[in-house]
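The tour below moves from one selection to the next and says what can be found at each stop.

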Amino acid sequence: MSGLSMKKIVGVLVFFLLLSSCCKEESEDYKDSQGVLTKVPYIWKRSLHKTEGYSSNSYHKVLIEYNGYVGIPTTDASQENSRYLSMIDPDDGTTISEWNDVFIPQEGVNISYAHQHENLLFYQRGYRGYCINLETGATQWKIESEDPSFVVVDGIAEEFFVMSESENLYPQYAEKVGYRGNIYTGEKEEFLVPDFSLEFSYGNRIGDVVGIKPHMIDGVRHLVVAWQEFKHPINWVAQTYLGLFNYETMEWVYQKKEMIAPKMNGSVLSPLRIYDNMIFANIGHDLVCHDILSGEQLWTRNFPQDFMFSGFILEEGRLYGLNEDKILYCIDPYTGSSIWEEPGAGTSSPLTYMNGVLYFTGGSDGKLHAVDTETGETVWKLKGEHYDHGYFFNPVYVIPAKDGKPARIIAVNALNAYCIEAYR
């Protein structure tokens, strides 16, 4: 072997040793005192703002996905309606379509709940309902009504469900009942009315439907319904009930199973969740679980605070919830007992899950968190200052590995969207 070749080999070895040393040192530099990673490289980033001097952005509490593309909030300060919903390609962040056809300039495209059927997305904001073609960015329809609808939205295929003021029931009172609408036209009709007792009214309000969740039972479409009525004429004391509605016969299977004793602010605070013929709800500071077929309660558990902002999810036989007491709970859904409890971050985005890892953003620290679901160990707290001084917000998109590409996540802060290789 020539001396020159030997020198080349030694040089290559030295290079890789130095590279390994640098990578190790860099990795240690980006860990906090608890060994949690505070910075990881990104695959790509893109600005959320078309013009300098960006305006505050919209908030999406739901993940919006169509045909492999994902939705993010963007702005263009040069336009009157400056806030947009932009569908982007997760491979490189390029814009596929964008929409900003809101009734009120500067109102923002704030989407707390939505129903999507194929390329059409419907969401409600108070008096205003919008249906967007995610493929083209066109408005399918938009409607302003005289009565605001609850923002909790669900649906079945081309039908969406919202809760609005009854047109037929007790004109001297105010109450929200179930409406079903057509996502292609926006036309809707009243169809789901509980048997309000009229025992008390809070002001002129007697009660409301607060949640509608479709569920198949032995091949028959049913709706699991949460509704409430007031139990005190002065204080906001609500009694929440569970009902099961046969959507094919349009009849109640049962209508008035008590979910929790009457209490101040005893309302459903996050979306209903269904798992293994059980329905889960956050009512005030309590989590409750009922058997859907019978309506009977299986367990209830009280917490220091509520799950209103982050909510809770059920994945692979466990319930995960981030409480406002800044604790992340992993709970056995069959018993309500804790599997583990670890520090969280308070008011944060809804949780998302992939490959045994929970992701969420926000809280008091404004960071992007990743948590190992087996142990509850926090493995990421990505600091906003490492990403152009912007706090992270909105739920995190999770994109499984495919076609040789690694599993990825997409998160946004105040300035940019980032695509990052997933923790696992």
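Select Asp218, which counts as exposed because its relative accessibility is 77%, where exposed means over 50% relative accessible area, buried under 20% and partly exposed in between (1.4 Å probe, protein chains only). Asp218 is found in the loop between β14 and β15 (220-230); strands such as these are DSSP runs of E with at least two residues, helices are runs of H or I with at least four residues, and both are numbered from the N terminus. The phi of Asp218 is near 50°, a positive value in a residue other than glycine. Most residues other than glycine have a negative phi. Before you go on, note that this is a predicted model, in which local features need pLDDT of at least 70 and side-chain atom pairs count only at pLDDT 80 or more, while totals for chains, interfaces and linings use all residues. Residues are numbered from 1 along each chain as its sequence is written, and side-chain values use heavy atoms, with hydrogens and water left out.

Next, select Glu118, which lies in the loop between β6 and β7. Glu118 also has a positive phi, of about 55°, although it is not a glycine, and with a relative accessible area of 52% it is exposed.

From there, move along to Gln124 in strand β7 (residues 120-125). Is Gln124 buried or exposed? Gln124 counts as buried, at 8% relative accessibility. Its side chain reaches the backbone oxygen of Gly126 at 2.9 Å, which is a polar contact, that is, a pair of N or O atoms within 3.5 Å; within protein, one atom must be able to donate a hydrogen and the other to accept it, and residues adjacent in sequence count only if both atoms are side-chain atoms. If you also select Lys402, you can see that Gln124 and Lys402 are 278 residues apart in sequence and 34 Å apart in space, C-alpha to C-alpha.

The largest cavity has a volume of about 80 Å³, and a search of the whole structure finds 2 cavities of 30 Å³ or more. On a 1 Å grid over the protein atoms alone, a cavity is a set of points where a 1.4 Å probe fits but cannot get out, a pocket is an open set with protein on both sides within 12 Å along at least five of seven lines, and lining residues have an atom within 4 Å of a point. Grid points are joined across faces, edges and corners, and a volume is the space filled by probe spheres set on the points.

For the largest pocket, which has a volume of about 1200 Å³, select Val62, Ser112, Tyr113, Pro271 and Arg273, the closest to its centre of the 48 residues that line it. Among the strands that each supply at least two residues of this lining are β6 (114-117), β14 (205-217) and β31 (392-399).

Now turn to the aromatic rings by selecting Phe303 and Phe307. Their ring centres are 5.0 Å apart and their planes are at 85°, so the pair is edge-to-face; rings of Phe, Tyr and Trp (its six-membered ring) pair if their centres lie within 6.5 Å, and planes under 30 degrees apart count as stacked, over 60 as edge-to-face and the rest as tilted. Phe303 is buried at 2% relative accessible area, and Phe307 is buried at 1%. The structure holds 26 aromatic pairs, and Phe161, Phe191, Phe245, Tyr247 and Trp252 form one aromatic cluster.

Then select Lys142 and Phe103, where the charged end of Lys142 sits over the ring of Phe103, 4.7 Å from its centre; this requires NZ of Lys or CZ of Arg within 6 Å of the ring centre and within 35 degrees of the ring normal.

A polar contact of 2.6 Å joins the side chains of Asp286 and Lys263.
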